Amino acid sequence: MQVITLPLIGTVAAWRAEARRLAQQGVRPEEVLWQRGERAADLFAQATPQGATAPPLTLPREAVAAMEGALCHSDPQRFARAYDIVLRLAQGRLRWGDRSDPALHKLLMQEKAVRRDIHKMHAFVRFREVGAPDAPRRAFAAWFEPDHPITEAATPFFANRFGDMDWIIATPDLTARFECGALRFEETRTEFRPPPDATEDLWRTYFAHIFNPARLMVSAMTSEMPRKYWKNLPEAELIPDLIRTAPARARAMQEAAPTLPHAHVAKLRPKRPE
Amino acid sequence: MVKRTLTEKLAILADAAKYDASCASSGGERRDSRDGKGLGSSGGSGICHAYAPDGRCISLLKILMTNFCIYDCAYCVNRVSSHVERARFSVEEVVRLTVEFYRRNYIEGLFLSSGIIRSPDETMADMTRIARTLRQQEGFRGYIHLKTIPDAAPELIEEAGRWADRLSINVELPTEQAMQALAPEKSPRTIRRAMADVRARREAAQDKSHAGKRPARFAPAGQSTQMIVGADAATDGQILSNAAQLYGSYKLGRVYYSAFSPIPDASQLLPLIRPPLLREHRLYQADWLMRFYEFSPGEIAPQGGMLDLEVDPKMAWALAHREHFPVDVNRAPREMLLRVPGFGTKSVARMLEARRHRTLRYEDLLRMGCVLRHAQPFITLPGWSRAPGLDDAHLRARFAAKPEQLSLF
Ligand code: SF4
C-alpha cells in the first residue's frame with residue numbers, strides 16, 4: 001500500500017502528476033491511499049520530475065476538466081475515485097460520459113456541486129475596504145466559507161475582475177492574496193473577518209428598496225441564496241424584517257385610494273408623438 | 001426643494017426602478033482587467049450577486065437617473081400625475097455608486113433607465129454621459145445596460161451603443177389599444193422603429209467593411225424589452241405571438257414579462273390587482289419553449305388564448321396531444337424527445353449520445369437528470385412498463401399544482 005499525501009496548495013496539479021506516475025508504474029487503485037495534508041509541499045516537488053518524464057496519458061479534454069473540478073470536492077474518496085476512472089478510461093474499460101457507471105456518475109455529480117460552489121463564491125464574496133480610499137492601489141478583504149476546498153479554483157476569476165486593486169479572500173482552508181497583480185495562496189491560520197465598510201449602508205438601502213413587497217416569494221430567494229451564506233452577506237440582516245412587513249405594505253398600497261393629479265400636471269405633459 | 005442625501009436619492013430611485021424585470025448581465029464582449037489598468041470583467045453568463053425576498057436576482061445596480069417624468073403612463077409609479085417623491089442623481093453620483101458597489105463585488109454593473117425630463121434628447125444625453133464617464137474616466141469594464149428613450153436622436157443612440165453592452169426599449173403593453181389608453185404619450189410605431197434601428201446598427205457593427213476595418217462597437221450583448229402582463233385584457237396567445245414577432249423582427253435577446261404590480265399612489269385609470277405571478281411564470285415557461293424547444297406560439301397557447309395555470313405549458317401540450325405519445329425513447333427523433341414532459345435539452349442531448357452506444361433503460365434516465373415523475377406516462381423503454389395509462393382520465397390531476405403554491409399576500 002502506498003500513501004500519497006497531496007499538498008494543501010496545488011492539490012489538483014500534484015494529484016495529476018502523481019496519478020500519471022502511478023499509472024506508468026502500473027499501480028492498481030486499491031494499492032494507493034490518497035490524502036491531502038500539510039506535510040506535502042516537498043513531496044510534490046519530488047513527484048513532479050518523475051511525473052514529467054512519464055509520457056502523459058491521453059484522455060478526452062472534457063474528462064480532464066471535469067475531473068479537476070471534481071477533485072475540489074470535499075469527499076475524501078475523490079482522489080481514489082478519479083485515479084480509478086483515469087485507469088479505466090486509459091485502458092478503454094470505461095467510456096467518458098457513461099452515467100450508468102456509478103463511479104463516473106458520482107464524479108460528475110461532485111463536479112457539478114463544485115461548479116455550483118464556485119459560482120456561489122463568485123456571487124457572494126463581499127469585499128470590505130481595508131486600505132485608504134485614495135491610495136494608488138485600493139485594498140479590500142473578504143472572509144468566505146465555501147462548502148468545498150475551491151479557493152484555488154475560484155479566485156482567478158477575482159484576479160481578472162479586480163485587476164487594479166489589491167485584495168485578500170480568506171476561507172477556512174486557504175487564503176488567496178492578490179497584490180500588485182500577483183495571485184498567491186497560503187494556508188489560513190486564523191479566521192479573519194475584515195471590519196464593516198461604510199458603503200455597506202448604501203448597499204443595504206439599495207437592497208431594501210429594489211425589493212417589491214407585492215411579490216414576496218421567500219422560497220425562490222432561499223433556493224438561490226441559502227441561509228448558510230447569510231452570515232457573511234451584509235444585506236442579509238434586513239431579510240427577516242422585509243419579509244415580515246411585506247404583506248402589510250402590499251395591502252396598504254392596494255387599499256390606498258387612487259389620487260387625483262395636481263393641477264399643473266396637464267401643462268407638463270407633451271403631445272403624443274406621431 | 002431640500003437637498004437630498006445620496007442615501008435618500010438611492011432609496012427613491014431604486015424604488016422607481018424595481019418594476020423593470022430585466023436584470024440579465026450575460027453575453028456580450030469578453031473583457032477583464034488583468035492588465036491592472038481598469039476595473040471589471042464581463043462576458044459569459046452573468047452572476048446574480050444577491051436575491052431579494054421577492055425571489056428576483058440582483059445582478060446589476062438597477063436605478064433611474066431621475067424619476068421626474070413628463071409622461072403619464074397609468075401603470076407607472078413615476079408618471080407625471082403621481083405624487084411620489086422625486087429625486088435626481090448627478091452623473092458623478094451614479095458613477096460613484098456603480099464603481100463602489102462593483103469594487104465590493106455587490107454587482108455585475110449598471111442598469112440605468114430614466115424618467116423623461118424636459119426632452120427625450122436631453123435625457124438620453126445625460127444617460128450616455130454616465131456610461132461614457134464610467135468607461136473613459138473610471139476604466140470600467142463591467143456590464144452596462146441602458147434603457148434607451150425611443151424618441152431620442154439617432155446620434156445619441158449610436159453613442160449609447162458604443163458604451164453600453166445592452167440597450168433596451170420597453171414595448172410595455174401587448175396591444176396598441178392598451179398603449180393608447182394607458183401610455184398616452186408613447187407610440188408603438190416609434191418604439192418599433194427604435195428597435196429596428198438598434199438591430200440595424202448591431203448588424204452593421206458585426207460586419208467588417210471591405211477594407212477590413214472594424215466598425216465601432218455597438219451593444220454587443222444585444223437588446224431586450226419588457227411587456228407588462230395583466231394591466232390590460234391581452235391574452236397569453238396575443239402576448240406570446242407578439243413576443244415571437246419581436247424575437248424574429250428585431251433579433252431581441254430576451255423578452256421580459258412583468259406581472260402588473262401594485263404601486264404606491266395608483267392611477268384612477270388602472271385599479272390595483274394582485275400581481276398575476278403564476279401567469280407571469282407560465283409565460284416565461286412558454287417563452288422558453290419557443291426559444292429552445294421548437295414550439296410555435298400557436299401551439300403553446302390553447303384555444304381560449306390563456307395558458308393553463310395549473311400545469312406547465314409543456315405538460316399541458318402533452319396532455320392535449322396524447323395521440324403523439326408514448327414516445328419510444330430509443331427511437332424517437334430529437335424534436336419528439338424534446339416534447340416529453342420532464343425531459344430537458346441537456347438530458348435529451350445525453351440520451352442521443354448514449355443511444356449511439358447502447359439501448360437506454362429506464363434507470364439511465366434517472367442519472368441523466370430527467371424528471372421521471374412527469375415523463376412516466378409519456379414514454380416507453382426497457383425497464384419501464386407504463387403504470388398510469390395515457391387514457392387515464394385523472395392524468396391531468398396528477399400534475400396539477402396545488403392551489404396554495406405561489407399564492408401570495
Ligand atoms: S415614460 Fe412612462 S413608463 Fe417611463 S418613467 Fe415616464 S411614466 Fe413611467
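**Note on the predicted model of chains A and B**

1. Chain A is divided into three parts: domain 1 (2-119), domain 2 (125-187) and domain 3 (199-256). The coordinates discussed here belong to a predicted model, which scores ipTM 0.91 and pTM 0.90.

2. Taken over C-alpha atoms, the centres of domain 2 of chain A and domain 3 of chain A lie 28 Å apart. Contact between the two involves 6 residues of domain 2 of chain A and 9 residues of domain 3 of chain A. The area buried between these domains is about 650 Å², with carbon and sulfur atoms giving 41% of it.

3. A salt bridge joins A:Arg128 to A:Glu200, with 2.7 Å between the closest N and O atoms.

4. Turning to chain B, the domain assignment gives domain 1 (6-222) and domain 2 (313-399). The centres of these two domains of chain B, taken over C-alpha atoms, are separated by 42 Å.

5. Confidence in chain B should be stated by region. The average pLDDT of chain B is 89, and 95% of the residues score at least 70. Residues 403-409 of chain B, however, have a pLDDT below 50, and this stretch has 12 contacts in the model beyond near neighbours in sequence. Where pLDDT is low, the predicted coordinates should not be read in detail.

6. The interface of the two chains brings 68 residues of chain A into contact with 86 residues of chain B. About 6,900 Å² is buried between chain A and chain B, and carbon and sulfur atoms account for 57% of that area.

7. Chain A and chain B share 8 salt bridges. At 2.5 Å, N to O, the side chains of B:Glu108 and A:Arg161 form a salt bridge. Across the interface of chain A and chain B, 33 residue pairs are in polar contact (both at pLDDT 80 or more).

8. Elements giving two or more residues to the side of chain A that touches chain B include α5 (102-124), α7 (156-161) and α10 (239-255) of chain A. The largest share of that side, 9 residues, is supplied by α8(A). By residue class, the side of chain A that touches chain B comprises 37 nonpolar, 14 polar and 17 charged residues.

Key
Residues numbered from 1 in each chain as written. Chains lettered and ligands numbered in written order. Heavy atoms only, no water. pLDDT = per-residue confidence, 0-100. Contact = heavy atoms within 4.5 Å. Domains from an automatic or database assignment. Buried area = accessible area lost by both parts, 1.4 Å probe. Salt bridge = Lys/Arg side-chain N within 4 Å of Asp/Glu carboxyl O. Polar contact = N/O pair within 3.5 Å; in protein donor to acceptor, adjacent residues only side chain to side chain. Helix = DSSP H or I, 4+ residues; strand = E, 2+ residues; numbered from the N terminus. Nonpolar A, V, L, I, M, F, W, Y, C, P; charged D, E, K, R; others polar.
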